[in-house]
Amino acid sequence: MASPNLAPQEQPGPVPQPAARSATAIADSVLFYGTFSLVLFAPLAFGSTDPWSVFVMQIVSASLFLLWLLRQVLSGSLQVTSNPLFRPILFFAALVLLQVALGITAYRYQTYSSALQYVSYAILIFLATQTLQRTSQVKVLAWAFSAYGTLLALFAILQSLSSNAKIYWLFEPEAGGWIYGPYVNHNHYAGLMEMLFPMSMVMTCTRHVSRRWRWLPMSAAVLMSSTIFLSGSRGGMIAFLVQAVLLGIFIARNRSRRGAFLAGAVLLVIAGLMLWVGGEGVLNRLTSIHSAAKTEIAGGIRFAIDRDALKMFAKKPFLGWGLGNFATAYPQFRSFYSDKFVNEAHNDYLQVLVETGILGFVAVIWFLTLTIRRGLRKIGEWTWDINGAVALAALVGCTGILVHSFFDFNLQVPANAALFYVLCAIAAAETRFGSHRRRRRTHASFPPLQQPEPAAK
(Lines give C-alpha, C1' and ligand atoms only; values in the text may rest on other atoms or scores of the structure.)
Protein backbone atom coordinates (compact mmCIF):
# COMPACT_ATOMS: atom_id res chain seq x y z
CA MET A 1 0.00 0.00 0.00
CA ALA A 2 1.44 3.37 -1.02
CA SER A 3 2.18 5.68 1.82
CA PRO A 4 0.36 8.99 1.84
CA ASN A 5 2.18 12.13 0.85
CA LEU A 6 3.39 13.55 4.13
CA ALA A 7 5.22 16.55 2.64
CA PRO A 8 4.21 19.76 4.39
CA GLN A 9 1.91 21.92 2.32
CA GLU A 10 2.97 25.45 1.47
CA GLN A 11 1.15 27.98 3.55
CA PRO A 12 -0.81 30.50 1.47
CA GLY A 13 0.36 34.08 1.63
CA PRO A 14 -1.70 36.88 3.08
CA VAL A 15 -4.84 37.54 1.11
CA PRO A 16 -5.45 41.21 0.35
CA GLN A 17 -8.47 42.58 2.16
CA PRO A 18 -11.42 43.86 0.10
CA ALA A 19 -10.72 47.43 1.22
CA ALA A 20 -7.10 47.17 0.06
CA ARG A 21 -8.18 45.73 -3.31
CA SER A 22 -10.66 48.57 -3.74
CA ALA A 23 -8.01 51.15 -2.89
CA THR A 24 -5.51 49.72 -5.37
CA ALA A 25 -8.19 49.63 -8.10
CA ILE A 26 -8.96 53.30 -7.49
CA ALA A 27 -5.25 54.12 -7.50
CA ASP A 28 -4.80 52.28 -10.82
CA SER A 29 -7.59 54.32 -12.42
CA VAL A 30 -6.23 57.60 -11.06
CA LEU A 31 -2.73 56.75 -12.29
CA PHE A 32 -3.90 55.80 -15.78
CA TYR A 33 -6.20 58.75 -16.37
CA GLY A 34 -3.98 61.16 -14.44
CA THR A 35 -0.86 60.34 -16.45
CA PHE A 36 -2.41 60.71 -19.87
CA SER A 37 -4.59 63.66 -18.84
CA LEU A 38 -1.44 65.52 -17.82
CA VAL A 39 0.10 64.78 -21.24
CA LEU A 40 -3.02 66.12 -22.99
CA PHE A 41 -3.35 69.13 -20.68
CA ALA A 42 0.17 70.37 -21.37
CA PRO A 43 -0.48 71.64 -24.95
CA LEU A 44 -3.53 73.60 -23.76
CA ALA A 45 -1.33 75.53 -21.31
CA PHE A 46 0.43 77.34 -24.19
CA GLY A 47 2.63 74.29 -24.73
CA SER A 48 3.68 74.36 -21.04
CA THR A 49 6.35 76.95 -21.77
CA ASP A 50 5.38 79.41 -19.02
CA PRO A 51 6.90 78.91 -15.54
CA TRP A 52 3.52 78.13 -13.96
CA SER A 53 2.70 75.43 -16.51
CA VAL A 54 6.16 73.89 -16.18
CA PHE A 55 5.60 73.77 -12.41
CA VAL A 56 2.22 72.08 -12.92
CA MET A 57 3.78 69.37 -15.07
CA GLN A 58 6.56 68.73 -12.59
CA ILE A 59 4.44 68.73 -9.42
CA VAL A 60 1.64 66.61 -10.91
CA SER A 61 4.04 64.04 -12.34
CA ALA A 62 5.85 63.82 -9.00
CA SER A 63 2.51 63.43 -7.18
CA LEU A 64 1.46 60.64 -9.54
CA PHE A 65 4.73 58.85 -8.88
CA LEU A 66 4.17 59.10 -5.12
CA LEU A 67 0.68 57.70 -5.67
CA TRP A 68 2.20 54.79 -7.58
CA LEU A 69 4.51 54.10 -4.61
CA LEU A 70 1.52 54.23 -2.25
CA ARG A 71 -0.33 51.79 -4.49
CA GLN A 72 2.57 49.34 -4.19
CA VAL A 73 2.41 49.60 -0.40
CA LEU A 74 -1.33 48.93 -0.42
CA SER A 75 -0.92 45.90 -2.68
CA GLY A 76 1.74 44.46 -0.37
CA SER A 77 4.30 43.87 -3.14
CA LEU A 78 6.53 45.84 -5.47
CA GLN A 79 5.49 45.21 -9.07
CA VAL A 80 7.54 47.04 -11.70
CA THR A 81 6.97 46.50 -15.42
CA SER A 82 10.23 46.92 -17.29
CA ASN A 83 10.77 48.89 -20.47
CA PRO A 84 13.99 48.77 -22.52
CA LEU A 85 14.00 52.57 -22.61
CA PHE A 86 14.83 52.67 -18.90
CA ARG A 87 18.49 51.87 -19.63
CA PRO A 88 19.31 54.85 -21.90
CA ILE A 89 17.29 57.07 -19.56
CA LEU A 90 19.48 56.04 -16.61
CA PHE A 91 22.60 56.53 -18.74
CA PHE A 92 21.49 60.05 -19.65
CA ALA A 93 20.71 60.82 -15.99
CA ALA A 94 24.18 59.65 -14.95
CA LEU A 95 25.68 61.95 -17.60
CA VAL A 96 23.82 64.98 -16.26
CA LEU A 97 24.90 64.14 -12.70
CA LEU A 98 28.48 63.93 -13.96
CA GLN A 99 28.17 67.38 -15.53
CA VAL A 100 27.04 68.82 -12.22
CA ALA A 101 29.58 66.87 -10.13
CA LEU A 102 32.53 67.96 -12.29
CA GLY A 103 31.26 71.53 -12.52
CA ILE A 104 31.52 71.60 -16.32
CA THR A 105 28.11 73.16 -16.90
CA ALA A 106 28.07 76.76 -18.07
CA TYR A 107 25.37 77.66 -15.53
CA ARG A 108 24.70 75.12 -12.82
CA TYR A 109 21.27 76.44 -11.85
CA GLN A 110 20.04 76.10 -15.43
CA THR A 111 21.25 72.52 -15.53
CA TYR A 112 19.39 71.78 -12.29
CA SER A 113 16.23 73.37 -13.73
CA SER A 114 16.42 71.43 -17.00
CA ALA A 115 17.21 68.21 -15.13
CA LEU A 116 13.99 68.59 -13.12
CA GLN A 117 12.04 68.85 -16.35
CA TYR A 118 13.69 65.71 -17.69
CA VAL A 119 12.85 63.94 -14.45
CA SER A 120 9.17 64.69 -15.13
CA TYR A 121 9.56 63.21 -18.64
CA ALA A 122 11.15 60.09 -17.14
CA ILE A 123 8.30 59.77 -14.65
CA LEU A 124 5.75 59.98 -17.45
CA ILE A 125 7.58 57.26 -19.39
CA PHE A 126 7.68 55.11 -16.26
CA LEU A 127 4.01 55.64 -15.40
CA ALA A 128 2.86 55.08 -18.98
CA THR A 129 4.66 51.72 -18.88
CA GLN A 130 3.17 50.76 -15.51
CA THR A 131 -0.43 51.83 -16.19
CA LEU A 132 -1.02 50.34 -19.65
CA GLN A 133 -1.91 46.83 -18.49
CA ARG A 134 -5.06 45.95 -20.47
CA THR A 135 -6.21 46.04 -24.08
CA SER A 136 -9.26 48.05 -23.04
CA GLN A 137 -6.92 50.80 -21.85
CA VAL A 138 -5.10 50.80 -25.20
CA LYS A 139 -8.43 51.26 -26.99
CA VAL A 140 -9.43 54.09 -24.66
CA LEU A 141 -6.09 55.78 -25.30
CA ALA A 142 -6.42 55.47 -29.09
CA TRP A 143 -9.88 57.03 -29.18
CA ALA A 144 -8.99 59.67 -26.57
CA PHE A 145 -6.00 60.86 -28.63
CA SER A 146 -8.15 60.96 -31.76
CA ALA A 147 -10.96 62.93 -30.11
CA TYR A 148 -8.53 65.30 -28.42
CA GLY A 149 -6.66 66.04 -31.64
CA THR A 150 -9.93 66.61 -33.52
CA LEU A 151 -11.26 69.13 -31.00
CA LEU A 152 -7.92 70.93 -30.85
CA ALA A 153 -7.74 71.16 -34.65
CA LEU A 154 -11.29 72.55 -34.80
CA PHE A 155 -10.38 75.17 -32.22
CA ALA A 156 -7.22 76.11 -34.13
CA ILE A 157 -9.16 76.63 -37.38
CA LEU A 158 -11.85 78.70 -35.67
CA GLN A 159 -9.26 80.82 -33.90
CA SER A 160 -7.30 81.44 -37.13
CA LEU A 161 -10.46 82.43 -39.04
CA SER A 162 -11.51 84.91 -36.35
CA SER A 163 -8.09 85.83 -35.11
CA ASN A 164 -7.38 88.89 -33.00
CA ALA A 165 -3.72 87.89 -32.55
CA LYS A 166 -4.48 86.44 -29.12
CA ILE A 167 -4.45 82.85 -27.89
CA TYR A 168 -7.94 81.78 -26.83
CA TRP A 169 -8.96 85.27 -28.03
CA LEU A 170 -7.73 86.54 -24.63
CA PHE A 171 -3.97 86.20 -24.16
CA GLU A 172 -1.52 88.19 -26.23
CA PRO A 173 2.05 86.80 -26.40
CA GLU A 174 4.49 89.10 -24.61
CA ALA A 175 7.31 88.60 -27.12
CA GLY A 176 5.10 88.28 -30.20
CA GLY A 177 5.02 85.22 -32.40
CA TRP A 178 3.03 83.40 -35.06
CA ILE A 179 0.27 81.91 -32.96
CA TYR A 180 -1.74 78.90 -34.04
CA GLY A 181 -4.01 76.99 -31.73
CA PRO A 182 -2.79 77.23 -28.13
CA TYR A 183 0.85 77.75 -29.22
CA VAL A 184 2.77 80.98 -29.69
CA ASN A 185 4.86 79.29 -32.40
CA HIS A 186 2.95 77.71 -35.30
CA ASN A 187 5.79 75.21 -35.86
CA HIS A 188 5.19 73.71 -32.44
CA TYR A 189 1.46 73.33 -33.13
CA ALA A 190 2.37 71.46 -36.32
CA GLY A 191 4.69 69.24 -34.28
CA LEU A 192 1.83 68.36 -31.94
CA MET A 193 -0.47 67.38 -34.81
CA GLU A 194 2.27 65.29 -36.40
CA MET A 195 2.14 63.09 -33.31
CA LEU A 196 -1.66 62.99 -32.98
CA PHE A 197 -3.07 62.48 -36.48
CA PRO A 198 -1.47 59.02 -37.11
CA MET A 199 -3.67 57.52 -34.38
CA SER A 200 -6.86 58.33 -36.31
CA MET A 201 -5.29 57.48 -39.67
CA VAL A 202 -4.15 54.04 -38.53
CA MET A 203 -7.47 53.27 -36.84
CA THR A 204 -9.24 54.07 -40.12
CA CYS A 205 -7.38 51.21 -41.81
CA THR A 206 -7.94 48.61 -39.06
CA ARG A 207 -10.72 46.14 -38.43
CA HIS A 208 -11.54 47.74 -35.10
CA VAL A 209 -13.80 50.25 -36.85
CA SER A 210 -16.89 49.05 -38.68
CA ARG A 211 -17.55 50.26 -42.20
CA ARG A 212 -20.52 52.25 -40.93
CA TRP A 213 -18.42 54.37 -38.56
CA ARG A 214 -15.12 54.52 -40.46
CA TRP A 215 -15.83 58.08 -41.54
CA LEU A 216 -15.28 59.28 -37.95
CA PRO A 217 -11.54 58.50 -37.57
CA MET A 218 -11.07 59.35 -41.25
CA SER A 219 -12.56 62.82 -40.72
CA ALA A 220 -10.41 63.28 -37.62
CA ALA A 221 -7.25 62.41 -39.56
CA VAL A 222 -8.20 64.81 -42.36
CA LEU A 223 -8.89 67.66 -39.95
CA MET A 224 -5.69 67.27 -37.95
CA SER A 225 -3.51 66.82 -41.03
CA SER A 226 -5.01 69.86 -42.74
CA THR A 227 -4.10 72.14 -39.87
CA ILE A 228 -0.43 71.18 -40.28
CA PHE A 229 -0.58 72.90 -43.67
CA LEU A 230 -2.93 75.67 -42.55
CA SER A 231 -0.53 76.58 -39.74
CA GLY A 232 2.03 77.52 -42.38
CA SER A 233 4.82 75.39 -40.89
CA ARG A 234 7.15 74.32 -43.69
CA GLY A 235 8.95 71.89 -41.41
CA GLY A 236 5.58 70.41 -40.50
CA MET A 237 4.68 70.00 -44.17
CA ILE A 238 7.91 68.12 -44.87
CA ALA A 239 7.40 65.92 -41.81
CA PHE A 240 3.82 65.12 -42.87
CA LEU A 241 4.94 64.05 -46.33
CA VAL A 242 7.51 61.69 -44.79
CA GLN A 243 4.81 60.27 -42.50
CA ALA A 244 2.44 59.80 -45.45
CA VAL A 245 5.11 57.83 -47.32
CA LEU A 246 5.83 55.72 -44.24
CA LEU A 247 2.15 54.92 -43.74
CA GLY A 248 1.86 54.06 -47.42
CA ILE A 249 4.71 51.56 -47.06
CA PHE A 250 3.05 49.77 -44.15
CA ILE A 251 -0.31 49.71 -45.95
CA ALA A 252 1.34 48.32 -49.09
CA ARG A 253 3.17 45.65 -47.09
CA ASN A 254 -0.14 44.61 -45.59
CA ARG A 255 -1.60 44.34 -49.14
CA SER A 256 -4.72 46.14 -48.04
CA ARG A 257 -6.63 47.61 -50.96
CA ARG A 258 -9.10 49.11 -48.53
CA GLY A 259 -6.30 50.81 -46.59
CA ALA A 260 -4.73 52.15 -49.78
CA PHE A 261 -8.07 53.51 -50.97
CA LEU A 262 -8.79 55.18 -47.61
CA ALA A 263 -5.30 56.68 -47.39
CA GLY A 264 -5.62 58.11 -50.89
CA ALA A 265 -9.05 59.51 -50.08
CA VAL A 266 -7.68 61.17 -46.95
CA LEU A 267 -4.88 62.85 -48.91
CA LEU A 268 -7.33 64.13 -51.54
CA VAL A 269 -9.70 65.55 -48.93
CA ILE A 270 -6.76 67.17 -47.10
CA ALA A 271 -5.69 68.88 -50.32
CA GLY A 272 -9.24 70.11 -50.98
CA LEU A 273 -9.75 71.41 -47.45
CA MET A 274 -6.32 73.03 -47.45
CA LEU A 275 -7.03 74.93 -50.66
CA TRP A 276 -10.55 75.88 -49.59
CA VAL A 277 -9.64 77.23 -46.16
CA GLY A 278 -6.01 78.24 -46.66
CA GLY A 279 -6.10 79.26 -50.26
CA GLU A 280 -3.18 81.17 -51.70
CA GLY A 281 -1.37 81.51 -48.38
CA VAL A 282 -0.73 77.77 -48.05
CA LEU A 283 0.41 77.49 -51.67
CA ASN A 284 2.86 80.34 -51.14
CA ARG A 285 4.33 78.59 -48.12
CA LEU A 286 4.65 75.34 -50.08
CA THR A 287 6.30 76.93 -53.10
CA SER A 288 8.68 78.98 -50.93
CA ILE A 289 10.32 75.96 -49.29
CA HIS A 290 13.06 75.65 -51.92
CA SER A 291 13.71 79.38 -52.33
CA ALA A 292 13.65 80.01 -48.61
CA ALA A 293 16.16 77.22 -48.08
CA LYS A 294 18.52 78.85 -50.58
CA THR A 295 18.25 82.15 -48.74
CA GLU A 296 18.88 80.54 -45.36
CA ILE A 297 21.91 78.60 -46.60
CA ALA A 298 23.44 81.80 -47.97
CA GLY A 299 23.04 83.84 -44.83
CA GLY A 300 19.82 82.97 -43.02
CA ILE A 301 19.62 82.98 -39.28
CA ARG A 302 18.83 79.31 -38.77
CA PHE A 303 21.76 78.02 -40.79
CA ALA A 304 24.03 80.56 -39.14
CA ILE A 305 22.94 79.22 -35.76
CA ASP A 306 23.67 75.68 -36.96
CA ARG A 307 27.22 76.65 -37.97
CA ASP A 308 27.77 78.39 -34.65
CA ALA A 309 26.43 75.35 -32.80
CA LEU A 310 29.01 73.13 -34.51
CA LYS A 311 31.74 75.45 -33.24
CA MET A 312 30.31 75.17 -29.74
CA PHE A 313 30.34 71.38 -30.01
CA ALA A 314 33.97 71.38 -31.20
CA LYS A 315 34.93 73.37 -28.09
CA LYS A 316 33.46 70.77 -25.66
CA PRO A 317 32.81 67.60 -27.65
CA PHE A 318 32.49 64.91 -24.96
CA LEU A 319 30.31 66.22 -22.11
CA GLY A 320 29.02 69.45 -23.65
CA TRP A 321 28.22 72.80 -22.06
CA GLY A 322 25.63 71.49 -19.64
CA LEU A 323 22.01 70.43 -20.02
CA GLY A 324 19.80 73.43 -20.84
CA ASN A 325 22.74 75.79 -21.37
CA PHE A 326 22.62 76.44 -25.11
CA ALA A 327 21.26 79.97 -24.65
CA THR A 328 23.80 80.71 -21.89
CA ALA A 329 26.87 79.70 -23.89
CA TYR A 330 25.74 80.76 -27.36
CA PRO A 331 26.42 84.56 -27.31
CA GLN A 332 30.20 84.10 -27.33
CA PHE A 333 29.93 82.04 -30.54
CA ARG A 334 27.29 84.05 -32.40
CA SER A 335 28.55 85.05 -35.85
CA PHE A 336 25.83 87.57 -36.80
CA TYR A 337 24.23 90.64 -35.31
CA SER A 338 20.69 90.45 -34.03
CA ASP A 339 18.66 92.29 -31.45
CA LYS A 340 16.72 89.09 -30.74
CA PHE A 341 17.56 86.59 -28.03
CA VAL A 342 18.52 83.19 -29.46
CA ASN A 343 17.20 80.75 -26.88
CA GLU A 344 17.32 77.48 -28.84
CA ALA A 345 19.38 75.93 -31.63
CA HIS A 346 16.37 75.41 -33.99
CA ASN A 347 17.77 71.90 -34.46
CA ASP A 348 17.18 69.41 -31.65
CA TYR A 349 20.04 67.14 -32.70
CA LEU A 350 22.61 69.94 -32.64
CA GLN A 351 21.26 71.15 -29.31
CA VAL A 352 21.81 67.72 -27.77
CA LEU A 353 25.36 67.70 -29.09
CA VAL A 354 26.08 71.17 -27.71
CA GLU A 355 24.56 70.61 -24.27
CA THR A 356 25.53 66.98 -23.55
CA GLY A 357 28.28 66.19 -26.04
CA ILE A 358 28.95 62.89 -27.76
CA LEU A 359 27.92 60.87 -24.70
CA GLY A 360 24.50 62.54 -24.59
CA PHE A 361 24.04 62.03 -28.31
CA VAL A 362 24.87 58.33 -27.89
CA ALA A 363 22.15 58.09 -25.21
CA VAL A 364 19.64 59.70 -27.59
CA ILE A 365 20.53 57.35 -30.47
CA TRP A 366 20.32 54.38 -28.08
CA PHE A 367 16.88 55.55 -26.92
CA LEU A 368 15.55 56.01 -30.46
CA THR A 369 17.01 52.74 -31.73
CA LEU A 370 15.29 50.78 -28.97
CA THR A 371 12.01 52.59 -29.64
CA ILE A 372 12.04 51.80 -33.35
CA ARG A 373 13.29 48.23 -33.02
CA ARG A 374 10.86 47.24 -30.27
CA GLY A 375 7.98 49.05 -31.96
CA LEU A 376 8.52 47.24 -35.26
CA ARG A 377 8.21 43.89 -33.48
CA LYS A 378 4.62 44.67 -32.47
CA ILE A 379 3.13 45.81 -35.77
CA GLY A 380 3.20 42.61 -37.81
CA GLU A 381 -0.59 42.24 -37.84
CA TRP A 382 -1.63 45.77 -36.95
CA THR A 383 -4.87 45.74 -38.97
CA TRP A 384 -6.57 43.52 -36.38
CA ASP A 385 -4.27 43.74 -33.33
CA ILE A 386 -5.06 46.96 -31.43
CA ASN A 387 -1.67 46.86 -29.70
CA GLY A 388 0.10 46.70 -33.05
CA ALA A 389 -2.10 49.49 -34.45
CA VAL A 390 -1.33 51.85 -31.56
CA ALA A 391 2.38 50.97 -31.75
CA LEU A 392 2.38 51.79 -35.48
CA ALA A 393 0.61 55.11 -34.86
CA ALA A 394 3.13 55.94 -32.13
CA LEU A 395 6.08 55.14 -34.42
CA VAL A 396 4.69 57.24 -37.28
CA GLY A 397 4.01 60.12 -34.89
CA CYS A 398 7.53 59.95 -33.47
CA THR A 399 8.96 59.83 -37.01
CA GLY A 400 7.20 63.08 -37.87
CA ILE A 401 8.60 64.94 -34.90
CA LEU A 402 12.09 63.53 -35.51
CA VAL A 403 12.04 64.81 -39.09
CA HIS A 404 10.70 68.19 -37.95
CA SER A 405 13.48 68.38 -35.34
CA PHE A 406 16.01 69.04 -38.11
CA PHE A 407 14.35 72.44 -38.69
CA ASP A 408 12.82 73.46 -35.33
CA PHE A 409 13.08 72.82 -31.59
CA ASN A 410 9.87 70.91 -30.89
CA LEU A 411 11.53 68.71 -28.29
CA GLN A 412 12.51 71.76 -26.25
CA VAL A 413 8.80 72.55 -25.80
CA PRO A 414 7.64 70.62 -22.69
CA ALA A 415 4.18 69.72 -24.03
CA ASN A 416 5.52 68.26 -27.27
CA ALA A 417 8.44 66.56 -25.55
CA ALA A 418 6.14 64.91 -22.98
CA LEU A 419 3.84 63.50 -25.69
CA PHE A 420 6.83 62.34 -27.74
CA TYR A 421 8.38 60.44 -24.84
CA VAL A 422 5.07 58.84 -23.89
CA LEU A 423 4.58 57.67 -27.48
CA CYS A 424 8.09 56.21 -27.40
CA ALA A 425 7.21 54.36 -24.19
CA ILE A 426 4.03 52.96 -25.77
CA ALA A 427 5.90 51.82 -28.89
CA ALA A 428 8.75 50.17 -26.96
CA ALA A 429 6.77 48.54 -24.14
CA GLU A 430 6.38 44.78 -24.14
CA THR A 431 2.92 43.54 -25.12
CA ARG A 432 1.86 41.43 -22.16
CA PHE A 433 -1.81 41.39 -23.09
CA GLY A 434 -4.16 41.84 -26.02
CA SER A 435 -5.81 40.01 -28.86
CA HIS A 436 -2.55 38.70 -30.35
CA ARG A 437 -1.89 36.22 -27.56
CA ARG A 438 -5.56 35.35 -27.16
CA ARG A 439 -5.80 34.53 -30.85
CA ARG A 440 -2.72 32.31 -30.70
CA ARG A 441 -4.16 30.39 -27.75
CA THR A 442 -7.47 30.01 -29.59
CA HIS A 443 -5.78 28.48 -32.60
CA ALA A 444 -3.75 26.18 -30.38
CA SER A 445 -6.88 24.88 -28.63
CA PHE A 446 -8.55 23.79 -31.89
CA PRO A 447 -6.13 21.55 -33.84
CA PRO A 448 -6.96 20.66 -37.44
CA LEU A 449 -9.30 17.78 -37.95
CA GLN A 450 -7.70 14.47 -38.89
CA GLN A 451 -9.14 11.58 -40.88
CA PRO A 452 -10.16 8.71 -38.60
CA GLU A 453 -7.92 5.67 -38.76
CA PRO A 454 -9.45 2.54 -40.37
CA ALA A 455 -10.75 -0.03 -37.92
CA ALA A 456 -8.49 -3.03 -37.36
CA LYS A 457 -9.61 -6.18 -39.12
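**Labels and their grounds**

Guide: By class, 30 nonpolar, three polar and two charged residues make up the lining of the second largest pocket. The model is a predicted one.

Visitor: Which residues lie nearest the centre of that pocket, and how many line it?

Guide: The lining of the second largest pocket has 35 residues, and Ile-89, Phe-92, Ala-93, Tyr-118 and Ala-122 are those nearest its centre. The volume of this pocket is about 860 Å³.

Visitor: Which helices each supply at least two residues of the lining?

Guide: They are α3 (86–102), α4 (108–131), α13 (348–377) and α15 (414–428). The largest share, 10 residues, comes from α13.

Visitor: Why is Leu-124 called buried?

Guide: Buried means under 20% relative accessible area. Leu-124 has 1% relative accessibility, so the residue counts as buried. Leu-124 is part of helix α4.

Visitor: What does Leu-124 touch, leaving out residues up to four places away in sequence?

Guide: Its contacts are Thr-35, Leu-38, Val-39, Ala-418 and Val-422. Ala-62 is 62 residues away from Leu-124 in sequence, and the C-alpha to C-alpha distance is 9.3 Å.

Visitor: What makes Arg-71 and Asp-28 a salt bridge?

Guide: The cut-off is a side-chain nitrogen of Lys or Arg within 4 Å of a carboxyl oxygen of Asp or Glu. The closest N and O atoms of Arg-71 and Asp-28 are 2.7 Å apart, so the pair forms a salt bridge. Arg-71 lies in helix α2 (residues 51–75) and Asp-28 in helix α1 (residues 18–44), so the bridge ties together parts 43 residues apart in sequence.

Visitor: How many salt bridges does a search of the whole structure find?

Guide: The search finds three. Asp-408 forms one with Arg-302, with the closest N and O atoms 3.1 Å apart. This pair links distant parts of the chain, 106 residues apart: Asp-408 is in the loop between α14 (386–404) and α15, and Arg-302 is in helix α11 (residues 301–315). Arg-374 and Glu-430 also meet in a salt bridge, at 2.0 Å from N to O. Arg-374 belongs to helix α13 and Glu-430 to the loop between α15 and α16 (435–445), 56 residues apart.

Visitor: Why is Arg-374 called buried?

Guide: Its relative accessible area is 15%, so Arg-374 is buried. Glu-430, at 40%, is partly exposed.

Key: Residues numbered from 1 in each chain as written. Predicted model: local features only at pLDDT ≥ 70, side-chain atom pairs only at ≥ 80, totals over all residues. Heavy atoms only, no water. 1 Å grid on protein atoms, 1.4 Å probe; cavity = no way out; pocket = protein on both sides within 12 Å on 5 of 7 lines; lining within 4 Å. Points joined across faces, edges and corners; volume = space filled by probe spheres on them. Helix = DSSP H or I, 4+ residues; strand = E, 2+ residues; numbered from the N terminus. Nonpolar A, V, L, I, M, F, W, Y, C, P; charged D, E, K, R; others polar. Buried < 20%, exposed > 50% of the residue type's maximum accessible area, 1.4 Å probe, protein only. Contact = heavy atoms within 4.5 Å.
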